[in-house]
Amino acid sequence: QVQLVESGGGLVQAGDSLRLSCVASASGRTVSNYAVGWFRQAPGKEREFVAAIRWDADSTHYSDSVKGRFAISRDVAKNTVNLQMNSLKPEDTAVYYCAAVRTLLTAPVDAAEYDYWGQGTQVTVSS
């Protein structure tokens, strides 16, 4: 079992930046061979893919809506995956979730392929 805890959400103005963190823990198991993805869900909308990173950080993926503004990274030693969000827009407002799946392949972009989820952190961007 892998536990994920997100942090770093908050209320900011358009154009500001936020850094979300996702800390993973697993009793007696290394977390380094897990791909991690970030997803978000706005009120009344379906959960959508934001970014993902392979277990070894060798590859990353971004949705078109955040490409060039968001950056995903991971610190294996700290079992942490970060999502740096720059040039935030009101349409980025949502609950952001990190998710993990044990795989050595490319990190999936489909939420259904992830086995573990955090509780989410709220990001609100005012105009």
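## Ground rules

Residues are numbered from 1 along each chain as its sequence is written, and side-chain values use heavy atoms, with hydrogens and water left out. Because the model is predicted, local features need pLDDT of at least 70 and side-chain atom pairs count only at pLDDT 80 or more, while totals for chains, interfaces and linings use all residues.

## Overall build

The chain has zero helices and 11 strands. Here helices (H or I, at least four residues) and strands (E, at least two) are DSSP runs, numbered from the N terminus.

A compact globule of 127 residues would have a radius of gyration near 14 Å, and the chain agrees, with 14 Å. That radius is taken over C-alpha atoms, and the globule rule is 2.2 Å times the number of residues to the power 0.38. Of the 127 residues, 45% count as buried, where buried means under 20% relative accessible area, with a 1.4 Å probe and protein chains only.

## The nonpolar cores

A nonpolar core is a set of buried Ala, Val, Leu, Ile, Met, Phe, Trp, Tyr and Cys residues joined through side-chain atoms within 4.5 Å. The largest one holds 30 residues, and those touching the most other members are Leu4, Trp38, Val50, Phe70, Leu83, Met85 and Tyr96. Strands supplying at least two residues each include β3 (18-25), β4 (34-41) and β8 (80-85). A second, separate core has eight residues, among them Ala35, Phe49, Ala52 and Tyr114.

Take Leu83 as an example: leaving aside neighbours within four places in sequence, its contacts (heavy atoms within 4.5 Å) include Leu18, Trp38, Val50, Phe70 and Tyr96.

## One cavity

A search of the whole structure finds one cavity of 30 Å³ or more. On a 1 Å grid over the protein atoms alone, a cavity is a set of points where a 1.4 Å probe fits but cannot get out; lining residues have an atom within 4 Å of a point. Grid points are joined across faces, edges and corners, and a volume is the space filled by probe spheres set on the points.

The largest cavity has a volume of about 70 Å³. Cys22, Arg74, Asp75 and Thr80 are among the residues lining the largest cavity, and β3, β7 and β8 each supply at least two residues of that lining.

## A loop residue

Thr103 lies in the loop between β9 and β10 (116-117). Thr103 is buried, with a relative accessible area of 16%. Leaving aside neighbours within four places in sequence, Thr103 is in contact with Asn33, Tyr34, Ala35 and Trp55.

Conventions: Buried < 20%, exposed > 50% of the residue type's maximum accessible area, 1.4 Å probe, protein only. 1 Å grid on protein atoms, 1.4 Å probe; cavity = no way out; pocket = protein on both sides within 12 Å on 5 of 7 lines; lining within 4 Å.
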